[in-house]
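Please keep the sequence and the 3D view at hand while reading.

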Amino acid sequence: MSQVNRLPNGGRIDRSKTLSFTFNGQHYTGYEGDTLASALLANGVDIIGRSFKYSRPRGIIAAGAEEPNAVLQIGASEATQIPNVRATQQALYPGLVATSTNGWPNVNSDMMGILGKVGGKLMPPGFYYKTFMYPKAFWMTYEKYIRKAAGLGRSPLENDPDTYDYMNQHCDVLVVGAGPAGLAAALAAGRSGARVILADEQEEFGGSLLDTRETLDGQPAADWVAKVIAELQGLPGVTLLPRATVNGYHDHNFLTIHQRLADHLGDRAPIGTVRQRVHRVRAGRVVLATGTHERPLVYGNNDVPGNLLAGAVSVYVRRYGVAPGKKLVLSTNNDHAYRVVLDWLDAGLPVVAVADARGNPRGALVEAARARGVRILTGSAVIEARGTKRVTAARVAAIDTQSMKVTSNGEWLDCDLVASSGGYSPVVHLASHLGGKPVWREDILGFVPGDAPQKRVCVGGINGVFGLADALADGFEGGARAAAEAGFKVVEGVLPQVLAKPEEPTLALFLVPHDKGTARAPKQFVDQQNDVTAAAIELATREGFESVEHVKRYTALGFGTDQGKLGNINGLAIAARSRGITIPEMGTTMFRPNYTPVTFGAVAGRHCGHLFEPVRLTALHAWHVKHGATFEDVGQWKRPWYFPKRGEDLHAAVARECKAVRDSVGLLDASTLGKIDIQGPDAREFLNRVYTNAWSKLDVGKARYGLMCKEDGMVFDDGVTACLADNHFLMTTTTGGAARVLQWLEIYQQTEWPELKVYFTSVTDHWATLTLSGPNSRKLLAEVTDIDLGKDAFPFMTWKEGLVAGVPARVFRISFTGELSYEVNVQADYAMGVLEKIAEAGKAYNLTPYGTETMHVLRAEKGFIIVGQDTDGSVTPDDLNMGWAVGRNKPFSWIGWRGMNREDCLREDRKQLVGLKPVDPNTVLPEGAQLVFDPKQPIPMDMVGHVTSSYMSATLGRSFALAVVKGGLKRMGEKVWAPLVDGGVIEAEICASVFVDPKNERQNV
Amino acid sequence: MLQIFCPHCAELRSEEEFHASGQAHIPRPLDPAACTDEQWGTYMFFRDNPRGIHHELWIHAAGCRQYFNATRDTVTYEIFETYKIGEKPQVTAKPAGAVPEAAAREE
Amino acid sequence: MTTANVYQQRPGDDVKAETPLHHANLPSLFGKGRNNPGVTLRERKLLGHLTLRGEAHDSAFSGGVHKALGLELPVALGVVSQGELSLQWMGPDEWLLICPRGQEFALEQQLREALAGLHIQVVNVSGGQTLLELSGPSVRQVLMKSTSYDVHPDNFPVGKAVSTVFAKSQLIIRHMAEDTWELVIRRSFADYWWLWLQDASAEYGLAIAE
């Protein structure tokens, strides 16, 4: 198909480079420099999709980020699908594949269109709330259908082949928007030597200068743009970010910019390059030069393809050499829009008429149009368009804007393009992301940014400064001010000369009256993306939704990816008028990041796949891999879970590993335990205060188990701490608690007891820890060490230094299995060599590596707790039957002592840790199962505790569990029942929590 | 994301390097045993939740690992000062020149 | 009475040692990859690392450190070096001393002798961390991808060192020469950093140096 609407010349496109693309399966061509939207318009494609609610045919309205309808699905393959792309913001590239997201089965004959034709009656605002709320269970069904029909785009089903990343930027001045004001601001700030970032969402810098009729210093405005860019590129402190949308304005001048580095190049980014990048910018000062969005007028059938914004028509004609129609009617309330008339005439096309709502417009542009013989109907407006798939005529009638009445029958004008302009709304979105209510200015009929806590300057259109000369001056001054405030010396600059063309005031007109009244007029759309009509807004206010936020939520005005770019002010004006109040009294809704949609890829950056989360590995990881370990995530650590041999499942492997430890010797990598080196004359006193038990008398060479509580008396960590020298201790913590405990020690030392002389340093990563556990551990270790391992020379709960496998080691004789155990600590760099030698020597003893699962079973058999599994932040040491670890006579009121002496903590019927033996020894209680004393009681049952740990024990030949049970310590031998989700009930007997070797005869050998 | 001046590193750093640790200037009772349950409960659980000036305890967790205090406006998120443990805040009322609350966020 | 346990933790150089990046087999990558790489990575392995704590304001402390090391105690965010010895400010009462392999034991003894009687902490953390040297014209871009700390030379001149957030964890960044930066990383995170740096420098070209 040829480019029927392409003008013979003009535009910033390269006509020597023809690009082919497809839209909804049809092949088209465009030129390099086109956007997808300009290329579609060039090809005469009118219908771009179906509307969200009423399924009406929709076409392109705008030329930029404010486009509500042309929101398409892009992607030539499943993996490269991108939803929610505005055709007006997507550069054309060869082979681009675009499809409508709305419209099922296709945009030209749509199933919901039938519903949509009568949709006004069927789907009033609040329709979804009112209709689909009941029955509740059906919502899922409805939603699926509605989503499919409405078409919100879809994410790819395959992995995205492209890469995305973040870049952290810092600058003195961030300039948002590279239109006239933004360029001038960047120039002023850049020349001062400040670090400046200039970001603009479009393919090219220049903004309105790329399509303006005005000249700068007598030259085309685009020439000045090129000159400025060249100068900025030469300044070392200036970073230029084209195709970069500033999407969010966050606290303390932190802004996020979504830059599309390769989206204009092809379906996939060139190999080795990044497709999109999120710049996370911390800016000393922000200059917002976001400009304005032209506001459409709201009239009947204003959504039929062929209704465009006046300024957008100019952009398509001047920037892209595309005429989106043949016969133009302009409906306006201001002077500025008249430029489209001149642009249209310059393109050699007929202007049917201009309807100007004002009584006697005499501005320079108006006179220029008049001079060229254009028919201007004053005091009039287009009140209604005709056409289904394309505008065929427009009805222009006289209107009275005070009474909001149509005062003449008007006439139907034959045309295929209605351009409308209702004035210009400053783009205040970014200025409002952090709050700071916009302020209404009656003189420009728009909201401008109000005061805000941020260090920012608003320049140009956003500031209500509309004229080109004024915008340039405002921008330059604002850029200079921002740089000066950031501490830079500003250099004077000369601004280009602009021929001033004074404009007459805009008339306040938002909704154009219709002779049938709003409720019965053809649909007058306010928000085309969310299908919100003027009638719907009036209905919402009549139904009592008076607050602007309520109106928004009831009607969906400004929802979703649209963020009210075109509809917001018109909607407010209609709601205000309906309520008989002013627009500022109505106020505006909040705008939220992001300004336009951001792909998930850009949000994820490089934090995906194998880089999603940091993985921590021990020095012995490669050995575990080599020996077939299955790994478990413990915090960020990868710990061996179990080491299955051929054909073994978890249970078989764990049973074998447990037996090996109890019968001979096993090996555990305990390197992940937190280790904190503590030094200082007050180290002991500090330990006394943070542990529940006493540390004053722990001799050098000895180690002790300690419980740590929070101030409320509840256990929050545990571990063994060894006395290395009088003022020197090595504390161990749980794997998951390492960072938490170190911070806990620091907060008390730094904020409560700074007088205590003690320092803490993490040595978790420095030491690798190999635990040998089992009756043969002594014999095995003796083969590789010079340390005297004799029962008396090296008793339980002591430590020794010496060589192990030729490496200096600290060996701790402590046990988490109840067996004779040694924990060998060596500098991590040497751990692999030590392990290999131990493993070699261990062959004679069936040395068996075991993982966390076996560790859990073995310790549970001994009744040793795991903090966070057997405790949950509501368990005191006494609840754990560990009162032996509570120093009741320590002089200082240590952390937890006051808390655990509250009346509630002393109750005898608190949940206490006990053992459970299921009556059926082959049944393993599910961990977390709730327990009751009477399984026959009515539901809801009185729950008296829950299972905390539960395993099958190879050693015991039966299942067993640990549990917390109300008053459990005095209920030995009694029964509890665990009613399960599936209706079954497991019966168990309460017993002591130590199942194996209660006299500790195995570890004290 | 806030930007916080660490009084030890003596420069502004990104919020992600810090953790907030609640209200500042809540000393642990010197003799917890002498506290009634009510006094102890107040120490443990009751915190101010002001609209406006708030003194907070922060730690520069990814930096120098030091705790310090910050005076922050809970409405505008302005941070008026940061100061070391043991020091007293200089800002206890909204300073002149601070952004008026009305201009700040409304949800 | 001994106040602290000082222990020679490092065996002789003939004993098998594996650096935190041993599994990456960096030597197999020496001299490979793109010509004119944007980033060159070198693991400065098996160095001695000591954490030193003490009272910065106490002249006996700063004097003792100088006596033991010949280095002035650096102030906030500073790193000073002399030959293969570097001393970095980590916090108001904490410094990191990096020295050639095996010297950490003697240096700890020298420090303890020079600072006898003072409340200090010296901790050998050599096995827990390693040092990655990044050099080349694109290092700053890679750092910008990874950390929100401002690495522009105006803010991060040579001789500065900061501990900060990097990707999703933490490490120390040291600016040692115009195009040379060092990362001090924790052993257990070494694989994550290795994967991260490969990925972040892919578009600039990464080379591994001996």
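In chain C, helix H3 (residues 139-146) and helix H4 (residues 190-200) have axes that come within 10 Å and cross at roughly 120°. H3(C) is therefore oblique to H4(C). The model is predicted, and the points below describe what it contains.

**The helix pair in chain C**
- Two packed helices are described by the angle between their axes and the distance between the axes.
- The crossing of H3(C) and H4(C) is right-handed.
- On the H3(C) side, the contact is made by C:Val142, C:Lys145 and C:Ser146.
- On the H4(C) side, C:Trp196, C:Leu197 and C:Ala200 take part.
- Sorted by type, the residues of this contact between H3(C) and H4(C) are four nonpolar, one polar and one charged.

**Where chain C touches chain B**
- Here 10 residues of chain C are in contact with 11 residues of chain B.
- On the side of chain C, strand E4 (85-91) and strand E8 (161-166) are the elements that give two or more residues.
- E8(C) gives the most to this side, with three residues.
- The side of chain C that touches chain B has five nonpolar residues, five polar residues and no charged ones.

**Where chain A touches chain C**
- Chain A brings 47 residues to this contact, and chain C brings 48.
- Several elements of chain A each supply at least two residues to its side, including strand E15 (274-288), strand E37 (715-725) and helix H24 (831-842).
- Strand E8 (163-176) of chain A is also one of these elements, and E8(A) gives the most to the side that touches chain C, with five residues.
- By type, the side of chain A that touches chain C divides into 20 nonpolar, 16 polar and 11 charged residues.

**Domains of chain A**
- The domain assignment of chain A lists domain 1 (14-119 + 135-150), domain 2 (163-292 + 426-485), domain 3 (296-422), domain 4 (514-600) and domain 5 (906-991).
- The centres of domain 2 and domain 5 of chain A, taken over C-alpha atoms, are separated by 66 Å.

**Confidence in chain B**
- The average pLDDT of chain B is 91, and 90% of the residues score at least 70.
- Residues 102-107 of chain B have a pLDDT below 50.
- Beyond near neighbours in sequence, the stretch 102-107 of chain B has 14 contacts in the model.

How values were computed. Residues are numbered from 1 along each chain as its sequence is written. Chains are lettered from A and ligands numbered from 1 in the order in which they are written. This is a predicted model: local features need pLDDT of at least 70, side-chain atom pairs count only at pLDDT 80 or more; totals for chains, interfaces and linings use all residues. Domain bounds come from an automatic or database domain assignment. Axes are lines fitted to C-alpha atoms, for helices over the stretch in contact, and angles run from 0 to 180 degrees between N-to-C directions. Helices (H or I, at least four residues) and strands (E, at least two) are DSSP runs, numbered from the N terminus. Angles under 35 degrees count as roughly parallel, over 145 as roughly antiparallel, 65 to 115 as roughly perpendicular and the rest as oblique. A crossing is left-handed if the near helix is turned anticlockwise from the far one by less than a right angle, and right-handed if clockwise. Two residues are in contact if their C-beta atoms, placed from the backbone, lie within 7 Å. Ala, Val, Leu, Ile, Met, Phe, Trp, Tyr, Cys and Pro count as nonpolar, Asp, Glu, Lys and Arg as charged, and the others, Gly among them, as polar. pLDDT is the predictor's confidence in each residue, from 0 to 100.
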